[in-house]
Amino acid sequence: MSGKVLLVGFLPDEVERLREVLSVPVFEVPEYCKDWAVSEVVDKVEELSGSSYWHLRKFVIMHDVGNETLKEVIHSVKSLNLGRVIFATTTETSLTWKLEDLLNELMAEDEYFKAARWAREEAEKRKGLFLDIGKG
């Protein structure tokens, strides 16, 4: 397996910490790649130079990793307490998108799930607030 982890939005010291704990090669994706197809970024990632710290959000994009590696990456990244991180794996479809479009889609999905999680939690809180008088 030739897995790769691509980072966007991380500070240099965070990148170093990730490289220390992950068993998969870790690469920074600089801003000049945002108009590239994701497949091109993946193919050329070893040759890229520049910081991943150009985006306000943090992304960990995994390419060609197995399920166990995926779990290990997510667990390791979360254990470093680097703030809110959006995780993704490449797909046949996402590899054809421009990187910036993928990041925008990932942010939209993240906001959707965050709102759904909030709504579910609020509904749970409210369950105990009302008396069910109809049952007797």
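Helices (H or I, at least four residues) and strands (E, at least two) are DSSP runs, numbered from the N terminus. A pocket is, on a 1 Å grid over the protein atoms alone, an open set of points where a 1.4 Å probe fits, with protein on both sides within 12 Å along at least five of seven lines; lining residues have an atom within 4 Å of a point.

I note that this is a predicted model, in which local features need pLDDT of at least 70 and side-chain atom pairs count only at pLDDT 80 or more, while totals for chains, interfaces and linings use all residues. Residues are numbered from 1 along each chain as its sequence is written, and side-chain values use heavy atoms, with hydrogens and water left out.

**Confidence.** I looked up pLDDT, the predictor's confidence in each residue, from 0 to 100. The chain averages 91, and 92% of the residues score at least 70. Helix H4 (residues 99-127) has the lowest mean, 88, and strand E3 (residues 58-63) the highest, 98.

**Pocket.** I recorded about 190 Å³ of space in the largest pocket, a volume being the space filled by probe spheres set on the grid points, which are joined across faces, edges and corners. E4 gives the most to the lining, with 4 residues. Among the lining residues are Ile74, Lys78, Val85 and Phe87.

**Cores.** I next examined the nonpolar cores, sets of buried Ala, Val, Leu, Ile, Met, Phe, Trp, Tyr and Cys residues joined through side-chain atoms within 4.5 Å. Of the 21 residues in the largest core, Phe59 and Leu99 touch the most other members. The largest share of this core, 5 residues, comes from H4. A second, separate core of 16 residues includes Leu22, Val24, Val60 and Val65.

I then listed the contacts (heavy atoms within 4.5 Å) of Phe59. Beyond its neighbours within four places in sequence, Phe59 meets Leu6, Leu7, Val8, Phe10, Ile86, Leu103, Leu106 and Met107.

**Two serines.** Are Ser23 and Ser52 buried or exposed? Buried means under 20% relative accessible area, exposed over 50%, and partly exposed in between (1.4 Å probe, protein chains only). Ser23, in the loop between helix H1 (12-21) and strand E2 (26-28), is exposed because its relative accessible area is 61%. Ser52, in the loop between H2 and E3, is buried because its relative accessible area is 0%.
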